[in-house]
Amino acid sequence: MQTFLIKLSTLILLAFSISSFFKFTKHPPQLSLFHQHTPLPIHIHKHIQTQTAHTHCTGSLYYNLCTQTLTTILPDLQSKPLPEIISATINQTVNDVRSTDFNVTAIRKKLRNLSAIEIRALDDCHSLFVETVTALTSAVSELKRNTSYREHSDLETLLSAAMTNQATCLDGFAFSKSRNKVRRYFSKSLRNISRQVSNSLALLKKVNRRTSKGKTEAFSEYGEMSGGYPRWMSNHDRKLLQLPVNNTVYDLVVAKDGTGNFTTIGDALNAAPNMSTTRFVIYIKAGAYYEYLEVASPKTMIMLVGEGIGKTLIKGNRSVVDGWTTFRSATVAVVGTNFIAKGITFENFAGTAKHQAVALRSNSDFSVFYQCSFIGYQDTLYVHTFRQFYRECDVYGTIDFIFGNAAVVFQNCNLYARKPDPNQKNLFTAQGRDDPNQNTGISLLECKIAAGSELIPNQTMFKSYLGRPWRQYSRTVVMRSYIGDLIDPAGWLEWSGSFALSTLYYGEFMNRGPGSNTTGRVSWPGYKVIVNATEAAQFTVGSFLQGDQWLNATGVPYYLGLNT
């Protein structure tokens, strides 16, 4: 009997040893009884955790942070699918954002004698953190679904916006005299949040997805086009934009003379429903409206219709010189998704001496501007984040007058440089892509790039350029456009020394006009003359904005590819 027990004990011990061996080598035995109940030794478990994290984090910009995060937040990393790993990483980031937001709120109470711009910058940070939490939690919800082409691109959009928000928060202190004193309380936290989001973007690239028509798009955020519009515009919205003003059915009317429902646009916006799933149209009669407006996040599906460029105007003059952050200087700011504007002039008349002064800022996903004008000097149009489409619009400015980190296409638009201050230069774009995995950028297609009426007689006094790199991975393309003789032969200008010259992507494709000759262009590693139509097509509305999925609804004319 004793011999029998000894043999039995030996067999059990041997079985456990074999089970552990097979589990470690990823070849489980046929008898699942052993496989299920035998825990790995701690040192083997840690080794597998580390190796799994290494596999996932290879290729990320912040490898050490990535492996540290993955091995900490998920105890059984090797058994988790990649979407679940990304979700856990994002949830950790959400916690960090909320903690930082709490600290920023406390800073306002702790620090005395803050300047007006510092208080506004802290308020900006709070708003941006709230938007970041919304974007990240939406991303987690999307990850629970199958990562189809549309959903995968939505995830890239949400993560790209979340990352940009952190940089925008810090930008608000750029003109504070004691900016380092305030920023030192949370700059490290913001840097860590941005890097975590960057790692999530890198992980997302490894998730298999079904691409539209089997294609992989460089600007997949934007999407496909149909009939001259991104597909994300519904047929109903297309018809609305194409209807004459007097044939459009409105929900509210704004008129300065009292003949409408309201005399101010702000009151009409306040009366509009929250979280609407159907289009809500506000008609604004001719006149100059001196108002500062924000189409807040709950105000979805809003459409503002004016009587035309130069007839319905919304005007303001906030600027950084007068104590506003660039973000908050906008005459009109749009946050609520699926916003449309038609036939309106947006203006910031602060002037060249007041430096950054935004006419319109959009961080509205699926926002559309049709037959509108944007008038300012420095930083006229802030294409902050998300997916945006501009058709048959006019943009006027001097320095960096189209800037931001949205995925944005300008189609059949006129871009006019104005007369700047002495010793200043005109720069049409300043794109702000922070990370190589963000699918954002500025695409100018079939546009006119020229001198405005006030610059023409003084054109030889000022140099003008297509753009300069605001951030490390800045990306801008100019395609099939007319480029006037105001553009310097070099075409593009450095931001500061060699910053971003090897990491940016600036491209030109089949442009025309006296300023389109590329023989004298810059020789930066990141600049190229695009000669392949297939490569150029990656930057159209079809490939960039998923236009086929949302523009049909707006009624704005558009085309998917390089041609009408």
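Q: Why is Thr132 called buried?
A: In this predicted model, Thr132 has a relative accessible area of 0%, and buried means under 20% relative accessible area, with exposed over 50% and partly exposed in between, for a 1.4 Å probe and protein chains only. Thr132 therefore counts as buried.

Q: Which residues is Thr132 in contact with, leaving aside its neighbours within four places in sequence?
A: Contact means heavy atoms within 4.5 Å, and by that rule Thr132 is in contact with Val97, Ala162, Asn165 and Gln166. The C-alpha atoms of Thr132 and Met163 are separated by 8.1 Å, although these residues are 31 residues apart along the chain.

Q: What makes up the helix that holds Thr132?
A: Thr132 lies in helix H6, and a helix is a DSSP run of H or I with at least four residues, whereas a strand is a run of E with at least two, both numbered from the N terminus. The chain has 13 helices and 29 strands.

Q: How do you know where the empty space is?
A: Rolling a probe the size of a water molecule over the atoms shows where empty space is left. On a 1 Å grid over the protein atoms alone, a pocket is an open set of points with protein on both sides within 12 Å along at least five of seven lines, while a cavity is a set where a 1.4 Å probe fits but cannot get out. Grid points are joined across faces, edges and corners, and a volume is the space filled by probe spheres set on the points; for the largest pocket this comes to about 710 Å³.

Q: Why is the largest pocket said to lie between two domains?
A: Domain 1 (43-207) and domain 2 (243-397) both give residues to its lining, so the largest pocket lies between them; the domain bounds come from an automatic or database domain assignment.

How values were computed. Residues numbered from 1 in each chain as written. Predicted model: local features only at pLDDT ≥ 70, side-chain atom pairs only at ≥ 80, totals over all residues. Heavy atoms only, no water. 1 Å grid on protein atoms, 1.4 Å probe; cavity = no way out; pocket = protein on both sides within 12 Å on 5 of 7 lines; lining within 4 Å.
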